[in-house]
Each structure stands twice: as structure tokens, then as C-alpha cells.
Amino acid sequence: MKRFFRLSALAFTATLALATVAMAADEYNASNGLTLTGNPLGLHGVDPVSMFDSEAPRIGDAVHTSAHEGVDYYFASEEARQKFDADPGAYLPQFGGFCAFGVYVGKKLDGDVRFADIVDGKLYLFVNAAILEKYKENSEEVIRVAYETWPDIVSTPVGDL
């Protein structure tokens with residue numbers, strides 16, 4: 001009987017852990033693999049603070065990890081991690097890190113830090129250079145419509161869009 005309860009407790013714990021990962025996978029553009037903490041990795045390991053504070057995105061280091069809403073982020077330095085922890089919303093990309101133009105058309109496409117724009121202190125990612133250029137043709141409309149669209153698709157799995 002004790003064994004049954006232990007197995008039940010273990011199964012329940014595993015279910016909760018997987019539910020957190022599943023939720024994060026739907027709402028955040030996270031890498032398929034898991035970090036040492038068991039969370040998916042956001043921004044493909046790029047330091048989100050570096051998107052604002054340096055000339056080019058910097059690869060983070062697992063030594064400087066911070067979790068936010070079930071997703072781990074790596075930072076290039078402890079100082080960057082502390083900045084993020086003080087105000088994650090100031091550094092996280094909009095639309096969970098998915099391509100802003102993709103959200104504009106109702107899709108969740110991979111956001112790539114090499115193709116980014118910062119508007120009014122908010123980070124927007126795009127899938128490639130061609131889409132970034134298309135966005136620049138009418139960036140205000142793309143951002144406005146993407147914000148209108150996001151609530152309807154935020155929890156929808158990528159494959160269902």
C-alpha cells in the first residue's frame with residue numbers, strides 16, 4: 001500500500017511538472033530541450049538584457065540562470081541576471097518571444113534575436129531578415145494588430161494555428 005501511495009505521489013508530481021512545461025511551451029517560444037532545472041530555455045540561450053544593453057546579442061551562460069513563468073533564461077553575467085530579476089518585463093520579448101509578424105498573421109513563428117526591433121522600450125523578434133523588412137513597411141499596424149491577436153492565440157499550441 002505504501003508503494004502505491006509513493007507511486008501515486010510521484011506520478012502526480014511528474015504531471016504537475018509536465019503541465020508547467022506544456023504551458024510554457026504554448027505561451028513562450030522556448031527551446032525543445034530542458035535546462036538543468038527542468039525548464040525549457042528561452043531566447044535560445046541568448047541573454048535578454050544584452051538585447052538592450054549591448055551592440056549585439058550575447059550568448060548567456062547556464063551559471064547565470066533565472067526562471068520566469070516556467071522558462072529559464074541564461075545571462076552573460078551576474079549583473080545582467082540581477083537586472084532581469086529586478087524587472088523581467090523590461091527585458092522579455094513581446095508575444096512570448098515568437099515572431100511579432102507571425103502573431104500579426106495569427107501564427108507562432110520562431111523569433112530570432114538576430115532580427116529584432118526595440119520600440120518604446122519593448123523587444124520584438126522576427127523569424128528572418130525578409131520578415132523584418134516586411135514589418136518595417138508598416139510597423140505600427142503590425143504591432144497594433146499583433147497585440148489584438150495575441151490574446152486569442154497565446155495558449156494555442158503552435159501546431160494548431
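How many helices and how many strands are there in the protein chain? In this predicted model, the protein chain contains six helices and six strands. Along the sequence these elements are arranged in the pattern α-β-β-α-β-β-α-α-β-β-α-α. The protein chain has 161 residues, of which 40% count as buried. Among the contacts with a separation of 6 or more, 56% are made by residues 24 or more positions apart.

Confidence was examined next. The mean pLDDT of the protein chain is 85, and 83% of the residues score at least 70. Helix 4 (residues 100-104) has the highest confidence, at 98, whereas the lowest is found in helix 1 (residues 2-27), with a mean of 40. Over residues 1-25 the pLDDT stays under 50, and the model has nine contacts beyond four places in sequence for this stretch. Where pLDDT is low, predicted coordinates should not be read in detail.

Helix 3 spans residues 78-86, and A80, R81 and F84 are buried in this helix. These residues cover an arc of only 100 degrees around the axis, and therefore lie on the same side of helix 3. In general, an α-helix has 3.6 residues a turn, so residues three or four places apart point the same way. E79 and A86, on the other side of helix 3, are exposed. The cover over the buried residues of helix 3 includes strand 3 (61-68) and strand 4 (71-75).

The open spaces of the model were also examined. Rolling a probe the size of a water molecule over the atoms shows where empty space is left. The largest pocket has a volume of about 220 Å³. Its lining is made up of 18 residues, and Y28, P93, F95, G96 and G97 are those that lie nearest the centre of the pocket. By residue class, the lining of the largest pocket comprises ten nonpolar residues, seven polar residues and one charged residue.

Most residues other than glycine have a negative phi. L43, which is not glycine, has a positive phi, near 55 degrees. L43 lies in the loop that runs between strand 2 (40-42) and helix 2 (50-53). With a relative accessible area of 6%, L43 counts as buried, because the cut-off for a buried residue is under 20%. D120 likewise has a positive phi in a residue other than glycine, with a value near 50 degrees. The loop that holds D120 is the one between strand 5 (112-119) and strand 6 (122-126). The relative accessible area of D120 is 78%, so this residue is exposed, the cut-off being over 50%.

A further loop residue, R58, is located between helix 2 and strand 3. The relative accessibility of R58 is 44%, which means that R58 counts as partly exposed, between the limits of 20% and 50%. R58 and D47 are eleven residues apart along the chain, and their C-alpha atoms are separated by 5.7 Å. When neighbours within four places in sequence are left aside, the contacts of R58 are with V46, D47, S50 and A76.

Terms used
Residues are numbered from 1 along each chain as its sequence is written. This is a predicted model: local features need pLDDT of at least 70, side-chain atom pairs count only at pLDDT 80 or more; totals for chains, interfaces and linings use all residues. Side-chain values use heavy atoms; hydrogens and water are left out. Buried means under 20% relative accessible area, exposed over 50%, partly exposed in between (1.4 Å probe, protein chains only). Helices (H or I, at least four residues) and strands (E, at least two) are DSSP runs, numbered from the N terminus. The arc is that of the directions from the helix axis to the C-beta atoms. Contact means heavy atoms within 4.5 Å. On a 1 Å grid over the protein atoms alone, a cavity is a set of points where a 1.4 Å probe fits but cannot get out, and a pocket is an open set with protein on both sides within 12 Å along at least five of seven lines; lining residues have an atom within 4 Å of a point. Grid points are joined across faces, edges and corners, and a volume is the space filled by probe spheres set on the points. Ala, Val, Leu, Ile, Met, Phe, Trp, Tyr, Cys and Pro count as nonpolar, Asp, Glu, Lys and Arg as charged, and the others, Gly among them, as polar. pLDDT is the predictor's confidence in each residue, from 0 to 100.
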